[in-house]
Amino acid sequence: METKNIIIIGVGGQGSLLASKILGDLLLRQGYDVKVSEVHGMSQRGGSVITYVRFGSHVYSPVVDEGEADFIVSFELLETARWLKCLKPGGQIVTNTQQIDPMPVITGAATYPADLVAKIKAKNIRIDAMDCLTLAKEAGSLKAVNIVLLGRLSHYFDISEDIWQEVLTANVPPKFLALNQKAFTLGRNYQA
Amino acid sequence: MKTLLLGNKAIARGLYEAGVCFVSSYPGTPSTEITEEAVKYDEIYCEWAPNEKVAMESAFGASLSGKRSFCAQKHVGLNVAADPLFTMSYTGVNAGMVIVVADDAGMHSSQNEQDSRHYAIAAKVPMLEPADSAEALAFTKQAYELSEQFDTPVLIKMCTRVAHSQSVAETGERQEYDKPYEKNIAKYVMMPGNAKKRHPIVEARTKALKDFAETTELNRIEMGGTELGIITSSTSYQYVKEVFGDSVSVLKLGMINPLPEQKIRDFAGSVQKLVVVEELDDIIEQYVRSLGLAVSGRDILPGIDEFAQNIVAKAFGRETTAGEKLADAIPPRPPVMCAGCPHRGLFYTLQKKKCTVLGDIGCYTLGAVPPLSAMDMTLCMGASISAAHGFNKMRGAESSGRTVAVIGDSTFIHSGMTGLANVAYNQSPTTVIILDNSITGMTGHQQNPATGFNIKGEPAGRIDLEALCRAMGFARVRVIDPYDLKATETAITEELATPAASVIISRRPCALLKKVKHKAPLAVDREKCIGCKACMRIGCPAISIKEGKAHVDGTLCVGCGVCEQLCPKQAFASTAQD
């Protein structure tokens, strides 16, 4: 099987590493060769954090390059726009519509571009944009944005929900399981 | 069992399986997780050392005692530990000793992009280079065999993309190892008479290692088409395979020092065109050229930054897919000090007083970023104090009244203490500010000798920073809380005004520490706010201007109150319920 590519983008501290951990575990259980590449350290201090997940019969490179991503899963709208170049023609974006101002915007040195979802749609790019923060809150914690997004991503995979839930159970602490299960289902069943 | 392992975790697993008993490291991205994962095995004693030199020497002592030992560091950490490395090459080891050096091509979290392979060549020590987690685990185990077989420490070179990528690896069982210690003055006491006898042994060992390099499975040839042959290693190998699959021939090097001369000659002879694909310096390429072989590499590939498949594809004239782009300018998202970061109040004050700030390595290097922009220099671990000393010595009173060194607690213990000794001994009127946030922050919260806890979070020895500075001869040592802007400014003003050298300890635990109790977030009274943006001068990610007035993001704010002290209209108030 040709290697499939997913990139997960967040802002430092949003929990994108857990999302990639669950995804990696799931794909390994499906019998794929998997590589997950993360960045730690300074860039995590409120910076743009990108994680690559690749799977297939044999995966070589640990990174996803320009024009290669089958999926972009993004925690923040500006980051979606920033990494748009990585999307493969015909690829799918799943994005949170939350906007987190970067420091140049906060200080007024730059402006946060308006109407990003509409501008991306205008390029005939498949984008699934949703307010994950509200859904996460409904599930019981603002921190569950990562699982809401994962739930939405699962909608595009031919893998049964039971298997996703099984992997979720194996990767989150028991006391937060019910919350995360709810967040996953809310994301998976989201209707635009 | 097959499992998905982070490269660094795979190294730790390799240490466990190889029967390693002793690990000592200083944290440094991208090497930190090796030691953090190794400590999870009860069979391995692990510790954070004050710096990489101490870590390596401690690991050497453990090897001498007859137990397999290990230390890990980032590329610049090996600069600190280079001194023991070069002479350990002469003494050799007792039980096996392996050293990981993790390079950071692309400088995700580093101050330079040096290529650590030069150390293996210069110190005449073998170096292995894994390309994924499975190799990281297997090479670690094999490195101990080599270390004992050839009586040498063995270097393993990692890079960010191997260290921080998870890939499938197969785990095995642990095999214990123990060897008695025997006194051997001629081998282990490196004074000239003995060292002169050891040097020929080092040269003979290198020759034996070259022979080994010719036959080891660490270096393998994957024959494909003979039109193009590529010599490569590490992630560069992965990019080459990603681009070409099995259509070209590849010499994949797992041992990159010493290099296999005959194997390279044979490979070159079997292909029409030879290219080396290697990140950073053209070490393999220059070696191939020195053999009189026609080779290409740096002429088509850059020696700057890390590679990825498209860079390799383009170098060989292959098409890549261009991605979509919006017409809008996308503002960058640089890393920033966290909301509630104790460094913020201090750097705000230094900027306000127009200080010349000699900086150091840690989260607080972000004090250089706008709007604070309160840093003049950052070089390497510990350089803040030494450089401030030199600066003040040359510029005298015109400088010392406004020049400070800033250094974190962990960095101070790492290599700031010796700089401080120089200030005390050679008497410059330098003011040193130790930013004591009670943790090694940037690398993800590791304990250090000033925190009072060990790598497992258990109570440990604790260095009293105030007493240490006084013992070095500093009469003026004072402690401030950087959340208190007034007290911070008073302390800095007074210490800069006095001609004596002084130390200010800016003490407040990192806001991300679990033990730190946060206050309720603040909120802005829009009636009182006049939109003067005084609160925007501290660069807090929780504060922004919404419709002309200040706004606090309640999900980020930890109620530190620094912004509140800047507001001329008392527009900030706590959201705490009484």
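The legends below describe close-up views of a predicted model. Residues are numbered from 1 along each chain as its sequence is written, and chains are lettered from A in the order in which they are written. Local features need pLDDT of at least 70 and side-chain atom pairs count only at pLDDT 80 or more, whereas totals for chains, interfaces and linings use all residues.

**View 1. Domains of chain B.** Chain B is assigned domain 1 (2–215), domain 2 (219–316), domain 3 (342–507) and domain 4 (522–574); such bounds come from an automatic or database domain assignment. Between the C-alpha centres of domain 2 and domain 3 of chain B there are 46 Å.

**View 2. The annotated cysteines of chain B.** A UniProt record (unreviewed entry) places the feature "binding site" at Cys529(B), Cys532(B), Cys535(B) and Cys567(B); annotations of this kind may be inferred rather than shown by experiment. The four span 39 residues in sequence, but no two of their C-alpha atoms are more than 10.5 Å apart, so they gather at one spot. Cys529(B) sits in the loop between strand 19 (522–524) and strand 20 (543–546) of chain B. Helices (H or I, at least four residues) and strands (E, at least two) are DSSP runs, numbered from the N terminus. Cys529(B) is buried, with 20 other C-beta atoms within 10 Å, while Cys567(B) is partly exposed, with 19. A residue counts as buried at 20 or more other C-beta atoms within 10 Å of its own, exposed at 12 or fewer, and partly exposed in between, with C-beta atoms placed from the backbone. Cys567(B) lies in the loop between helix 20 (562–566) and strand 22 of chain B. Beyond four places in sequence, Cys567(B) is in contact (C-beta atoms, placed from the backbone, within 7 Å) with Ala534(B), Cys535(B) and Phe572(B).

**View 3. Ala573(B) in strand 22.** Ala573(B) belongs to strand 22 (residues 572–574) of chain B. Its C-alpha atom is 5.5 Å from that of Ala523(B), 50 residues away along the chain. Neighbours within four places aside, Ala573(B) contacts Leu522(B), Ala523(B) and Asp525(B).

**View 4. Where chain A meets chain B.** Contacts link 51 residues of chain A with 47 residues of chain B. Strand 2 of chain A gives the most to the side of chain A that touches chain B, with five residues. Strand 2 of chain A and strand 8 (residues 165–170) of chain B run antiparallel and are joined by three bridges; strands pair if DSSP finds at least two bridges between them. Val36(A) stands opposite Gln166(B) in strand 8 of chain B.

Conventions:
Contact = placed C-beta atoms within 7 Å.
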